[in-house]
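Thanks for passing this one along. Here are my notes, as numbered points, to read beside the model.

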Amino acid sequence: MRTNGPLSLIFHTIFVFVMLAPIVVVCLVAFTPEGYLSLPTTNFSLRWFRAIANYPEFVHAFWVSLGLGALSSLVALLFAVPAALAIARYSFRGRDALAALFLSPLMIPHVVLGIAFLRFFTAIGMGGSFTGLLVAHVVVVFPFALRLTLAAATGMDRSIEMAAVSLGAGDWTLFRRVTLPLILPGVISGWALAFIQSFDDLTMTVFLATPGTETLPVRMFLYIQDNIDPLVTSVSASVIAITMTALILLDRFYGLDRVLAGKSDPGR
């Protein structure tokens, strides 16, 4: 079996360091006892983590982002799964054009989408509403859910479906018991990628969010416009900690390989 050479190991080490360095710096700054951005060279303090409680806007924005990300990615999947199955299974006129149309939001800058959605929702009376924000996020995250679901549907073994049909399985039973389990890794990966994109979006959301529908990135962006202190770094560190905890628990009780790659656990 081939192993990585010294140059390859050095390159990967530098790559991992460059990727993790900004996250590590943000987490270190969050523990500073000072009232300004600085690394805690002398001692560590939880001052800025306690300060989050004095700003309930951040907590509210976090729950808005969480709910918006989960709901928009779920709605996107409800459209992505049938679209992916249709594109992967059938050959019809305009199939490539339809796939390009579904993926077109990836080619449009989010600032352009934000302005366009703002004008459109204002014209139809949905400006500043959570429904309008949800629709905009569904449009933006739909290509991410579609691409991974489409990849899973394209690589699916159709002979398993044919065997189920030959045994008398109906359309709903076929989808629920055979098709969905086969494409489930792509569906879950698509949902996760769509959720991350929705949770992290700022460029488009800043045009559509109102004081009642501010997401966490928008709230943080508005805060740093008027304040220069480590509070935002403590919020970022808290989100990182929550994400890492969720991934560890998911890997411990279910397995990330089963979620992302569809691998079975021999011990279960």
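1. A salt bridge here is a side-chain nitrogen of Lys or Arg within 4 Å of a carboxyl oxygen of Asp or Glu. By this rule the protein chain has two salt bridges.

2. A word on the basis: this is a predicted model, where local features need pLDDT of at least 70 and side-chain atom pairs count only at pLDDT 80 or more, while totals for chains, interfaces and linings use all residues. Residues are numbered from 1 along each chain as its sequence is written, and side-chain values use heavy atoms, with hydrogens and water left out.

3. The protein chain has twelve helices and zero strands, counted as DSSP runs (helices H or I, at least four residues; strands E, at least two) numbered from the N terminus. Its C-alpha atoms fill a box of roughly 70 × 60 × 35 Å along the principal axes.

4. Of the 268 residues, 33% are buried (under 20% relative accessible area; exposed is over 50%, partly exposed in between; 1.4 Å probe, protein chains only).

5. Which residue forms a salt bridge with Arg-89? The partner is Glu-161, with the closest N and O atoms 2.2 Å apart. Because Glu-161 lies in helix 7 (residues 158-166) and Arg-89 in helix 3 (residues 56-89), the pair ties together parts that are 72 residues apart in sequence. Glu-161 counts as buried at 4% relative accessibility, whereas Arg-89 is partly exposed at 26%.

6. The other pair to look at is Glu-214 with Arg-219, a salt bridge at 3.2 Å, N to O. Glu-214 is buried at 12% relative accessibility, and Arg-219 is buried with a relative accessible area of 18%.
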